[in-house]
Amino acid sequence: MSSPARTHPSLRRLKTRLLAAALFAAAPLAAAQAAGAEPAAGEAPASFAIAGVRVFDGDKLLPSATVLVRDGLIAEVGAKLRVPAGTAVIDGQGATLLPGLIDAHTHSFGSARNDALRFGVTTELDMFNASGQLTAAKIERAGRARTDRADLWSAGTLVTAKGGHGTQYGVPIPTLDDPAQAQAFVDARIDEGSDYIKLVLEELRDAQGKPRLNTLSEASLRAAIQAAHARKKLAVVHVSRAEEAKLAIDAGADGLVHINADRLDDPQLVAAIKRRGAFVVPTLTVEHSAYGAGNGKQLIADARLAPFLTSAQKDELARSFGWRVEPDKAKNASENVRLLHQAGVAVLAGTDAGNPGTSHGASQHGELELLVAAGLSPIEALRAATSLPARSFGLSDRGRIAKGLRADLVLVEGDPTADIAATRAIRTVWKNGYPVERVAVAPTLQPGAVATWNAGQPGPRWVASYDSYMGGKSKSQLQAGQGGGTALAAKGELVAGLPQPWAGLMLVPGPAPMAAADARSVRELSLRLRGDGRPVSVLVFSGKELPGTPGFQLVPTQAGQWQQVSVPLAGMAHVDLSQLRGIALAAGGAPGGFEFEIDAVELR
C-alpha cells in the first residue's frame with residue numbers, strides 16, 4: 001500500500017512480500033465450489049417454538065416473546081402466543097433470538113458459504129464471483145430445503161476497465177472500455193445471473209504512485225450506472241479515496257462498498273451521500289487488517305468462536321497483507337463511519353471476507369464490534385447486519401423476525417443489544433427452519449486424477465500464479481494445450497525487475513488458495529509435462545506457518561517434448577502433508593515468453 005495514492009486491500013488480494021506466499025496467492029475465481037447438502041426425500045422442517053426469549057426482530061427489541069416456526073417460515077411472534085399442542089418448545093430464557101446475519105460484502109468461493117452458516121451468517125452478498133454458480137444459487141435461495149451453506153446473492157463479474165482490478169487474477173473476464181457499450185455490457189452481466197451491478201473506480205498504484213492497474217473512465221462509470229438503473233438493478237461502486245466516492249455518488253451510485261481511509265470526509269461529501277440516499281458498506285474488517293490493526297487473531301483466541309473454526313479459517317484470520325502498518329488510516333476509516341452514521345447514512349455490515357485477516361462467518365462478529373467502536377449502538381450494529389442490508393438489496397423474505405418471513409434464525413446467550421460481543425455465544429443456528437450442524441470439518445484431499453482442461457475451462461483446482469503481487473510485471477494465463485484434448489497450458493511472460501521473477505500455475509488442494517487440506521493419504525504427484533526448454537520449478541507449500549519454506553524439485557525440459565514427471569511428496573523436505581496448501585509449477589530461466597503444458601495429473 002502506498003501513500004498518498006492509496007491502494008485498496010482488495011486490489012492486492014493475498015499480497016505478501018515473500019515469493020513463497022505470492023506463488024500461491026492466486027485467483028480465487030477458479031477455486032472449487034462446495035456442494036450444498038441435499039434434503040432427504042419428502043423431508044420437511046419440523047414445527048417448533050422458541051419460548052420466553054428476548055427477540056431482536058431486526059428493528060427493535062422485544063424483551064420477552066415466543067416465536068413459532070412452521071414449514072421453514074416464521075408463523076407467529078408474540079409475547080402471549082399460545083403454542084399449538086404437540087409442538088416442540090425450546091426454552092429461550094437468558095438468550096436472545098436474532099434474524100440470520102447478512103454479510104453485505106464477501107467473495108464467496110470454495111467452502112465460504114458453509115463456513116459462514118456455522119457462525120450465523122445465513123446470507124452472503126457477494127461482490128465478485130464466477131457466473132457459473134449463480135443459477136444454482138438462485139434456485140437454492142428460492143426454496144426452503146435443508147442446506148449446510150448460506151444463501152448467495154452476487155454481483156457476478158464486476159464492471160472494470162481493460163487492465164483494471166479483476167483482470168489480474170489470471171482468469172480472463174470481459175471489460176468495459178467504451179461507454180457506448182455500457183448497456184450491452186450490463187445486460188450481459190444480468191443474463192449471466194448478476195443480482196446487482198458492481199463497478200470499480202480505483203487505480204492500483206505502485207510505491208512511486210504510478211498506476212499499475214487501470215480504472216473506469218468517468219464516462220464509462222456514468223453510462224454503466226445508468227444502464228444498471230435502466231434494468232432496475234442496483235449499482236454499487238468500489239472506491240477507496242474520497243475523490244472516487246464523490247464521483248461515484250455524483251454519477252448516481254446506490255451504494256459504496258468500501259469506506260475511504262485516505263482522509264476524513266468533508267461535510268459536503270457526507271451530505272451528498274445522504275442526499276443521494278446511498279448506503280455504505282465500510283468493510284472495516286479488511287480496512288483495519290490492511291493497515292495493521294486487524295482483529296483476526298482476537299477472533300481466533302475467542303473461546304466462543306475457536307471451536308467452530310477450521311484450520312483454514314484460522315490461517316485466514318492470522319494472515320496479514322504484508323505491507324507497512326498505517327494506524328492513522330485505520331482510524332480514518334472508523335471515523336468516516338462515525339461521520340456517515342451521525343449524518344443518517346445507512347451503514348451496512350460487510351467484511352470483504354476472502355482477504356487476509358478475514359474469514360467467512362467469524363469476521364462478521366468482528367465487524368459488528370468495529371461498527372460499535374465507530375459509533376453505532378449495539379442495536380444499530382445489529383440492524384446493519386440484518387434488516388438494513390435486506391431492505392437495501394431488496395431481500396424481502398429475510399433480515400427480520402416477522403410473520404411469513406424465512407426462518408433463518410440465530411439464538412445466542414446473553415444480550416447483544418447491550419454487549420455486541422454476545423453474538424459470538426451461539427446456541428443454535430437455523431436455516432430454513434432446520435438446525436445447522438456447527439462442527440468444523442477439515443477438508444481431506446484423496447488420491448486420484450486431477451482434471452486439467454475440460455469443457456473449455458481449467459479444472460477447478462487450477463489457478464494462474466505470477467509475481468504481480470510482489471510488484472513484478474510477469475504474467476501467466478491458463479488455456480487449452482496445443483492440439484486440444486485435456487492438456488492445460490500456462491502461457492505468459494517472465495519480466496525482469498524482481499530478483500526472482502516467476503509465473504506459472506498452481507494446484508489448490510483446499511477449498512481456496514492457501515487453505516490447508518489433509519493430504520496424508522497422498523504419496524506423490526504424477527503428471528506429463530511439455531516445456532519450451534526452460535526448467536520448471538515444482539514448489540510444494542504446506543505446514544502450519546505461512547508462508548514457510550516450500551518443498552522444491554527442479555524439472556529440466558526439452559522444447560516440445562512430453563516427459564513423465566513424478567514428485568515424491570511424502571518424505572520431501574519441508575513438506576507436511578497433514579496441511580498441504582498448494583503445489584506450484586513455475587517457469588524458470590531468463591526473462592521472455594514461456595509456455596508449458598501439463599496433462600494426466602494424478603495424486604497417488
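Guide: Contact here means heavy atoms within 4.5 Å. This is a predicted model, in which local features need pLDDT of at least 70 and side-chain atom pairs count only at pLDDT 80 or more, while totals for chains, interfaces and linings use all residues. Residues are numbered from 1 along each chain as its sequence is written, and side-chain values use heavy atoms, with hydrogens and water left out.

Visitor: Which residues is leucine 370 in contact with?

Guide: Leaving aside neighbours within four places in sequence, leucine 370 is in contact with Leu284, Thr285, His288 and Asn295. Leucine 370 lies in helix H12; helices (H or I, at least four residues) and strands (E, at least two) are DSSP runs, numbered from the N terminus.

Visitor: Why is leucine 370 called buried rather than exposed?

Guide: Buried means under 20% relative accessible area, exposed over 50%, and partly exposed in between (1.4 Å probe, protein chains only). Leucine 370 has a relative accessible area of 14%, so leucine 370 is buried.

Visitor: What makes up the largest nonpolar core?

Guide: A nonpolar core is a set of buried Ala, Val, Leu, Ile, Met, Phe, Trp, Tyr and Cys residues joined through side-chain atoms within 4.5 Å. The largest one has 71 residues, and Leu199, Val237, Leu256, Ile273 and Leu371 have the most contacts inside it. Its largest share, six residues, comes from helix H5 (residues 218–230). A second, separate core of 38 residues includes Leu445, Trp462, Leu488 and Val538.

Visitor: What does isoleucine 273 touch?

Guide: Not counting residues up to four places away in sequence, isoleucine 273 touches Ile249, Leu256, Ala278, Val280, Leu340 and Val345.

Visitor: Why are E6 and E8 called edge strands?

Guide: Two strands pair if DSSP finds at least two bridges between them. The open sheet has three strands in the order E6-E7-E8, with parallel pairing. E6 (101–106) and E8 (151–154) each have a single partner strand, so one side of each is left without a neighbour in the sheet.

Visitor: How do you know that E6 pairs with E7?

Guide: Four bridges join E6 to E7 (residues 121–126), and the two run parallel. Leucine 101 stands opposite valine 121 in E7.
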